[in-house]
Each structure stands twice: as C-alpha cells, then as structure tokens.
Amino acid sequence: MATRTLILGGGFGGITLANSLRAALPKTHQVVLVDQSPTFRIGATKTWLSIDHPGAKGMEYRRDNLKKRGIIVIEQKITAIDAKTRRVTLANGESLVGDHMVIALGADFAMGSIPGLAENAHTFYSVEGALKLREKLKAFEGGQIVILVPKLPFKCPPAPYEAAMLFKDFLERRRVWSQTELGVWTVEGLPMGTAGPEMGNFVKTLLSNDGITFNPLKKTVRVETDRVVFEDGEARFDLLIAVPPHVAPSVVKEAGLLAPNGWISVDPLTLGLTGHKNVYAIGDVTAIPLPGRFRADVPLSMPKAGTAAEGQAKAVAERIAANILGLPQPLGFNGNAFCYLETGDMHAVRGDGHFYAMPSPIMTHIQPDMQQYEAKKAWVRNWIWESLGIRT
C-alpha cells in the first residue's frame, strides 16, 4: 500500500528530509515537499549580498530540481494545518493528507513589533533587505552605525557579529572606516549565548580587535529617526541595521501548535509533537529545550541554525523510515550543529557545537584563518550539489 510523508517547508531541514526519505524508502512511498517559493537560498550568503561579495551572485536555486529524484514538489502557500488528521490545505483549495507530517516552515519576521523599527532600520536577513542595505553601505561616507539585536531568539546566532566584521572590512576597503563608529547593541548578555561564555568572549575579542563595540543587555523600547531608545539609555545612529524580531508563521499559530514561548515544542530526541501521532517539527519553527545550562536559573534552547535543522531532518527521516519498514527505532537527534563566522579579510572560524552535552553545551573552535574561509565556501557549494543536484 502506498504511503505518504508531507514535508511543510523547503528550507535546510525540508530539503534534507526529502532527500533522506527518498533515499531510504521504496518508490511506493510518496515524499511531498510543499513550499510557496520556487527558489531556495542558503541564509549564510545574505551577508555576502549586502557587501556585494562575488560569492553571492547566482545563489538562488530552484527547488523543483528535486523532482528529478522522485520527490513531489508543490509550489503553494499553506493556508491551514490539521495536525490531528495530518491534513494541510493549500491556497489553491487543494487538500493533502499524509501518513507522516513534518513541519519545517521556519520563522517569519516581525519588524513592526517594535515601534519605529520597520520605518528606520535596514536588515540583511532577507534578500530584498540585503540589496537595499548594499546600496546604503556603498554610499555611506562615515558616521555612527548601530547593529541592533532587539529580541531573542533569532536564526543564525553568529550573523550580527559576522555582519559587523564584514561591514568593517567593506568600509575599510572603501576608505571610510576611519570616519565610522560601529557598535552592536543587543539584548544578549554575550554573543552566541547558547554556545557558552568561552565562545562569547572569543567573539567579543574579535569585535574589539576590529574597533567594534559590544553593548549587551539592551532592551529596545522604540526606534526614532536617529536613535534607538532602550530601557536604560539610547544609541544614536546614522545607519541602523537590525536583526528582525522572529515569530512562528501565522498558519502554525492558527493551527494551535505553539507553546507559550511562541514556538512548537518537540521532544528533543524524536522531534515529535506530544499528542500527535506521526507529526514532527524541525528547524527554526521549534523550541527544543537543552538538558544542560550555564546558569541554573537560565534554561537554554537549541540554536536556530541551518545545520541544526539538517541534523534534525536526518534524525526524523531515520525514524519515519524505521516506522514504515518495521526497523528498530533510531537513537534520535544528537544535538550537534556547526556554524561559520566570517571575520573579514577572507578569514573565518568554524564553531562545532555539542548542544546536548552536560553539564552545559560545548562549542569548539580555533583561530580564524583563510583555510576555514575556503571551507565555508566549499561547504556552500557541496551542500547545493548534494541537496539539489546543482553544480556551482
């Protein structure tokens, strides 16, 4: 009898899951990927867009390349989800039911949730925003730049710090860095807080060495035309660049699937939703509690990162395949993920995180160098080839 897995969302997690299931299961099992957009872009390349990096050109790829592998790709917006029956409704009125369902819809942005932010800030978290920011950086002749992190959580924890160092490098090459002051103002206590104080202080040192200030524990109240107002002061700017506040997609909220923290709560090992048989969630739409802590009174959640979603997707694929083929249940998601942090001048550092470690998460790294920068570019190329079958 034919069976079907519905994969809702075609980002890192959704694409990895579709490929993994297709490789593990017979053709009688339908693998259906639904996403409203025809193209996919690795989020790590959006900072490249904002500084006109040559590596950013041609980095959007069509998801329908997956059809060549026997995966059904549907380009439609999802308008309703019924997790009890594993049914989704699409914008064209079509309804689909799966034997298994995996929600991988990522996170949406809510710039309007902070007064004045949408009207006064640029962002590199979207393609459109990165392109607009690129023109501002090309025309910038000096002054105060504020990079603002107003709310947690946000995807790609290294991104604002990488952006700060890349913008410094870009402005230095334009010979306007000496007329510029750049600071990161964030609600975080340390950069990449879930990675731990050693990693956080390492990133702080990288920023300081570049002449970039780090301003922690700043709770944003509102944004005006030339300043960000915090609960305990303000920061004036000539150019404001913000990490947008993140929220779960409205269709997930309307389905009643969000925990009080605003995200889907899943089992850390199985990624399954409690009370919903054969329904899973992976990637940025989830909040996965970590077993360890750095402080007893501060619980931690799995970082929102593409490589984390990839690992979760592989774990869920193994579990679905085991259910269908009658195999022993796998161990589940191991809590590991990695990220690259570019530091400018064609240097980067890779951090390898073990987030289920006890008594607290661990992230290992070495000093930035050109070899790690080249490794990041190779990782992007290889992922596109392995996941979508496209040579870059």
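# Briefing: Charged and Aromatic Side Chains

The side chains of arginine 227 and glutamate 234 meet in a salt bridge, 3.4 Å from N to O; a salt bridge is a side-chain nitrogen of Lys or Arg within 4 Å of a carboxyl oxygen of Asp or Glu. The structure is a predicted model, in which local features need pLDDT of at least 70 and side-chain atom pairs count only at pLDDT 80 or more, while totals for chains, interfaces and linings use all residues. Residues are numbered from 1 along each chain as its sequence is written, and side-chain values use heavy atoms, with hydrogens and water left out.

**Salt bridges**

- The structure holds 24 salt bridges.
- Arginine 227 has a relative accessible area of 19% and therefore counts as buried (buried means under 20% relative accessible area, exposed over 50%, and partly exposed in between, with a 1.4 Å probe and protein chains only).
- Aspartate 297 is exposed at a relative accessible area of 54%, and arginine 295 is exposed at 52%.
- A further salt bridge joins the side chains of aspartate 352 and arginine 350, at 2.8 Å from N to O.
- Aspartate 352 is partly exposed, with a relative accessible area of 23%; arginine 350 is partly exposed as well, at 28%.
- Salt bridges that share partners join Arg222, Glu224, Asp226, Arg227, Glu234 and Arg236 into one network.

**Aromatic pairs**

- A pair of aromatic rings is described by the distance of the centres and the angle of the planes.
- Rings of Phe, Tyr and Trp (its six-membered ring) pair if their centres lie within 6.5 Å; planes under 30 degrees apart count as stacked, over 60 as edge-to-face and the rest as tilted.
- By this rule the count comes to 13 aromatic pairs.
- One of them is the tilted pair of phenylalanine 12 and tryptophan 383, with 4.5 Å from centre to centre and 50° between the planes.
- This pair links distant parts of the chain, since phenylalanine 12 lies in helix H1 (residues 12-24) and tryptophan 383 in helix H9 (residues 370-388), 371 residues apart; helices (H or I, at least four residues) and strands (E, at least two) are DSSP runs, numbered from the N terminus.
- Phenylalanine 12 and tryptophan 383 are both buried.
- Phenylalanine 124 and tyrosine 125 form another tilted pair, at 5.3 Å from centre to centre and 40° between the planes.
- Phenylalanine 124 is buried at a relative accessible area of 3%, and tyrosine 125 is buried at 6%.
- One aromatic cluster is formed by Phe12, Phe40, Phe338, Tyr340, Trp379 and Trp383.

**Charges over rings**

- The charged end of arginine 350 sits over the ring of phenylalanine 338, 3.8 Å from its centre (NZ of Lys or CZ of Arg must be within 6 Å of the ring centre and within 35 degrees of the ring normal).
- Likewise, the charged end of arginine 391 sits over the ring of tryptophan 385, 3.7 Å from its centre.

**Glycine 98**

- Glycine 98 lies in the loop between strand S8 (95-97) and strand S9 (100-103).
- Glycine 98 counts as buried because its relative accessibility is 5%.
- Apart from neighbours within four places in sequence, glycine 98 is in contact with Arg4, Leu6 and Arg86, where contact means heavy atoms within 4.5 Å.
- The C-alpha atoms of glycine 98 and tryptophan 185 are separated by 45 Å, and the two residues are 87 residues apart along the chain.
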